[in-house]
Amino acid sequence: GDTGIQRREIDILARFAREHHVFISCGTMTELRATNVVSVLLDDTGNVVAKYQKRDAMDEATAGMEPPTIVQNRLGKVSTLICSDIEKDRFVKAYTRCGPVLLINPCHIQPVSGQGSRADLLASTWRVSLESTNRRLEHIAYSTAATIIRCDMPHPVGMGNTTVVTPADRM
């Protein structure tokens, strides 16, 4: 069906999902007819099984009204929270109440560029922010028993950072 997003890119990823029998989170993208940031999940047959809209960018009054996007597959329940949505307790609680075994967190972190003291300050701030976010992901993973995969866009568009946090009993 029409997801309202870049059809060509989805078709390429859907073909890959079918050929390799894998589930794919299509990261973050902007809907064509709106400014919504979304993430699409494809099943192992290449079908779009879910489209998650970033909640943090929504109007505060409507942000909590959307039901959690949960997909059941052979891994169990899979959920998505885009970028800073994972930093908002109300979104995390709504999603983790559904009991996902995997929580995918695609994001876009602007790369640090330039030279000199400003670039050094930005790099230092980025490192502290990354450490803080990783501690939050660890807390969510261990308190909910869900594995979390946070994946950034590759450099030079993003910082290219990927973090996987798995509760100790799943290793």
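Is Cys 83 buried or exposed in this predicted model? At 16% relative accessibility, Cys 83 counts as buried, where buried means under 20% relative accessible area, exposed over 50% and partly exposed in between, with a 1.4 Å probe and protein chains only. The model is predicted, so local features need pLDDT of at least 70 and side-chain atom pairs count only at pLDDT 80 or more, while totals for chains, interfaces and linings use all residues. Residues are numbered from 1 along each chain as its sequence is written, and side-chain values use heavy atoms, with hydrogens and water left out.

Cys 83 sits in the loop between strand E6 (76-80) and helix H3; helices (H or I, at least four residues) and strands (E, at least two) are DSSP runs, numbered from the N terminus. Its phi is positive, about 45 degrees, although Cys 83 is not a glycine. Most residues other than glycine have a negative phi. His 21 also has a positive phi, near 55 degrees, and is found in the loop between helix H1 (7-20) and strand E1 (24-25). With 52% relative accessibility, His 21 counts as exposed.

What about disulfides? A disulfide is a covalent bond between the sulfur atoms of two cysteines. Here the criterion is a pair of cysteine sulfur atoms within 2.5 Å, and the count comes to zero. Cys 83 is in no disulfide, the nearest cysteine sulfur being that of Cys 107, 5.3 Å away. For Cys 107, the closest cysteine sulfur is in Cys 83, too far for a bond at 5.3 Å. Cys 107 is buried, at 2% relative accessibility.

Helix H3 (residues 89-96) has Phe 91, Val 92, Tyr 95 and Thr 96 as its buried residues. These cover an arc of only 120 degrees around the axis, which puts them on the same side of H3; the arc is that of the directions from the helix axis to the C-beta atoms. Leu 81 touches Phe 91, Val 92 and Tyr 95, among others, not counting residues up to four places away in sequence; contact means heavy atoms within 4.5 Å.

Ser 79 belongs to strand E6 and is buried, at 0% relative accessibility. Leaving aside neighbours within four places in sequence, its contacts include Thr 69, Tyr 95 and Leu 103. A polar atom of the Ser 79 side chain lies 3.3 Å from the backbone oxygen of Thr 69.

Finally, strand E8 (residues 147-152) runs antiparallel to E9, and four bridges join the two; strands pair if DSSP finds at least two bridges between them. Thr 163 in E9 is the bridge partner of Arg 150.

Terms used. A polar contact is a pair of N or O atoms within 3.5 Å; within protein, one must be able to donate a hydrogen and the other to accept it, and residues adjacent in sequence count only if both atoms are side-chain atoms.
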